[in-house]
Amino acid sequence: MNSTLEETVFFTADDGVTLEGAFFKGSENAAVIAHPHPVYGGNMENMVVRELAAAYQARGWSTLRFNFRGTGRSGGDYDQGAKEQLDVRAAALYMKDSGALRVDLAGYSFGAWVIAHTDTRGLPEGGIIMISPPAAMMDFSQAPPCSRLRLAVTGSEDAIAPPAMARKVIEKLNPEAGLRVIKGADHFFSNRAAELKSVMDEFLHI
């Protein structure tokens, strides 16, 4: 990962909360990457978040990892995923203002749930990628259909995003999206980071 080429940036959500991010300048294709649950220690330095950024950077894309409100040096307070949706929008618009013409939204665990509920109207075109959507822990029943959803990835041993439950979520949001199950992987992709990177590399080559 080109972490040495990332720069720390700050940007502002619509409600005035200042957010911290790590920005990599690449092409006009960009990706925003949202981290897992902050209550359980999730932040933008999470290994899976960094792997996602690395996969996009390897293809020359611009990336923005960021801390949700109340995490790291981001202002505000944790809001159970509600106002965090404003954070996702702010990150995508920051990328647009930085010259991106396409912005993918990639979320891991809690980050996937937040993205699934985010109003993407007015944001640049782009796909949505969900890593381990936490269907056994969080309710996706109010998430609207999502034509942007392209791919979901989970592990065969993921108790928080069990493949059968993840499949139901994907079928509800966008039946045309793909679901990849990494054999032997748990929710944290322990010892399976290489397989996750391989899945992302394959997806980004399409």
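Biologist: How far apart are the mean positions of the positive and negative charges of the chain?

Modeller: The mean positions of the 20 positive and 25 negative charges are 4 Å apart. Here Lys and Arg count as positive and Asp and Glu as negative, while His and the chain ends are not counted. The place of each charge is taken as NZ of Lys, CZ of Arg, CG of Asp or CD of Glu. This is a predicted model, in which local features need pLDDT of at least 70 and side-chain atom pairs count only at pLDDT 80 or more, whereas totals for chains, interfaces and linings use all residues. Residues are numbered from 1 along each chain as its sequence is written, and side-chain values use heavy atoms, with hydrogens and water left out.

Biologist: What makes up the secondary structure of the chain?

Modeller: There are five helices and eight strands. Helices (H or I, at least four residues) and strands (E, at least two) are DSSP runs, numbered from the N terminus. Their order along the sequence is β-β-β-α-β-α-β-α-β-β-α-β-α.

Biologist: How do you know that the radius of gyration of the chain agrees with that of a compact globule?

Modeller: The radius is taken over C-alpha atoms, and the globule rule is 2.2 Å times the number of residues to the power 0.38. For 206 residues a compact globule would have a value near 17 Å, and the chain has 15 Å, which agrees. The C-alpha trace spans about 40 × 35 × 30 Å along its principal axes.

Biologist: Which share of the residues in the chain is buried?

Modeller: Buried residues are 54% of the 206. The term means under 20% relative accessible area, with exposed over 50% and partly exposed in between (1.4 Å probe, protein chains only). As for contacts, meaning heavy atoms within 4.5 Å, residues 24 or more positions apart account for 67% of those with a separation of 6 or more.

Biologist: What makes the buried residues of helix H4 line one face?

Modeller: In H4, residues 163–173, the buried residues are Ala166, Val169, Ile170 and Leu173. Seen down the helix axis, they fall within an arc of 95 degrees, so they line one face of H4. That arc is formed by the directions from the helix axis to the C-beta atoms. On the face turned away from the buried side are the exposed residues Ala164 and Lys168. The cover of the buried residues includes helix H3 (110–117) and strands E6 (128–131), E7 (149–155) and E8 (178–182).

Biologist: Why is H3 called mostly covered?

Modeller: Eight of its eight residues are buried; among them are Phe110, Trp113 and His117. The buried residues of H3 pack against strand E3 (29–34), helix H2 (84–97), strand E5 (102–108), E6 and H4.

Biologist: Glu125 lies in the loop between H3 and E6. Why is Glu125 called exposed?

Modeller: Its relative accessible area is 64%, which is over the cut-off for exposed; therefore the term applies. Beyond its neighbours within four places in sequence, Glu125 is in contact with Leu101, Arg102, Val103 and Arg148.

Biologist: Gly126 is in the loop between H3 and E6. What makes Gly126 buried?

Modeller: Gly126 has a relative accessible area of 11%, under the limit for buried, so that word is used. Setting aside neighbours within four places in sequence, Gly126 is in contact with Arg102, Val103, Asp104 and Arg148.

Biologist: Why is Asp15 called partly exposed?

Modeller: Asp15 has a relative accessible area of 36%, which falls between the limits for buried and exposed; therefore it is called partly exposed. Asp15 lies in the loop between strand E1 (7–12) and strand E2 (18–24). Not counting residues up to four places away in sequence, Asp15 touches Arg69, Lys83 and Leu86.

Biologist: What is the phi of Gln80, and what is that of Ser132?

Modeller: Gln80 has a phi near 55 degrees, a positive value in a residue other than glycine. Ser132 has a positive phi of about 50 degrees and is not a glycine. Most residues other than glycine have a negative phi.
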